[in-house]
Amino acid sequence: MARMKFLCDAERCIECNGCVTACKNENEVPWGVNRRRVVTINDGVIGAEKSISVACMHCSDAPCMAVCPVDCFYKTADGVVLHDKDLCIGCGYCFYACPFGAPQFPQAGAFGLRGKMDKCTFCAGGPEADKSEAEFKKYGRNRLAEGKLPVCAEMCSTKALLGGDGDVIADIYRERVARRGSKGAEAWGWGSAYGQPPKGGAAPAAPAAPAAGKS
Amino acid sequence: MRNLLLIAAMLSFAGCMEVEQASTPERQAGQTVKRDTNPWSNEPLAAGPKWNKGDRTSWEEQIKKRQLAQHEHRRIYQ
């Protein structure tokens, strides 16, 4: 059973923002809303600058789902967290609950009106009929229904951003790390999220201490 | 006076910038979240990846193949 996830390789991301642009273009995301964005730490520090592309991580136990007062979230059979804009009241609780700042609210109006929540759908559309105009208008394109993966991951030029079944992309990343000589194995959460203990051994690479300084 | 008219015109047209949020009907009492149909229950596109409509396994197999295109070691050195 597929469990759709994103994984961004900080050793490869070059902060080109191609994923952000592709997402906005593919889903015709309104002004003021970025479903995906690139975050850079240690900006300008030679050798220490790292970038990572962040959007909804489609959490297995999503905090946005837990706090929503109108219960507008649901999870698809392949683990994608989606929401129903017909039910959303735009309260913003999900924004405060989300550790990645994924929920976005259109504020393009003259009076700063906060609209209904918008977020990354893993290019899986929404609860409207698949590939319908209503689905595209509210949620963007449904690439999963076309047998494709999210456009941000598929067009990433350095293949820093991987998207798809968690097991498959973790294997890709693991093999990549092994080939380049372990750089990346110290990624935060490696041991718990993507690490596989070697046969008869302990889990690989304990998470390193976070680097000082943020931008 | 001219400036005032200009400001009034700007304010009156500013509403045109509103992102449409009301394309959906009002929430009805007792309405619950809608559920999406599964991606594998769709007909594959004529010029796209292929799977058997309604067959989850074949959809997952083709999406797995597609994921491996992100793996340059397998894609290039095969």
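Modeller: A nonpolar core is a set of buried Ala, Val, Leu, Ile, Met, Phe, Trp, Tyr and Cys residues joined through C-beta atoms within 7 Å. Bear in mind that this is a predicted model.

Colleague: Which residues of the largest nonpolar core touch the most other members?

Modeller: In general, nonpolar side chains of soluble globular proteins tend to be buried together. Here the largest core has 45 residues, and A:Phe122, A:Cys152, A:Ala153, A:Leu161 and A:Leu162 touch the most other members. Elements giving two or more residues to this core include S1 (4–8), H1 (18–27) and H5 (151–155) of chain A, and also H2 (56–67) of chain B. H6(A) has the largest share, 5 residues.

Colleague: What does A:Leu161 touch, leaving out residues up to four places away in sequence?

Modeller: A:Leu161 touches A:Phe6, A:Cys8, A:Cys19, A:Ser53, A:Cys152, A:Ala153 and A:Cys156.

Colleague: How many residues of chain A are in contact with chain B?

Modeller: On the chain A side there are 41, against 35 residues of chain B. Strand S6 (161–165) and helix H6 (166–179) of chain A each supply at least two residues to that side, and H6(A) gives the most, with 5 residues. By class, the chain A side has 21 nonpolar, 6 polar and 14 charged residues.

Colleague: Why does A:Val67 count as partly exposed?

Modeller: The class follows from a neighbour count: 20 or more is buried, 12 or fewer is exposed. A:Val67 has 15 C-beta neighbours inside 10 Å, so A:Val67 is partly exposed. A:Val67 sits in helix H2 (residues 63–67) of chain A. Beyond four places in sequence, A:Val67 is in contact with A:Tyr93, A:Cys94 and A:Ala97.

Technical notes. Residues numbered from 1 in each chain as written. Chains lettered and ligands numbered in written order. Predicted model: local features only at pLDDT ≥ 70, side-chain atom pairs only at ≥ 80, totals over all residues. Contact = placed C-beta atoms within 7 Å. Helix = DSSP H or I, 4+ residues; strand = E, 2+ residues; numbered from the N terminus. Nonpolar A, V, L, I, M, F, W, Y, C, P; charged D, E, K, R; others polar.
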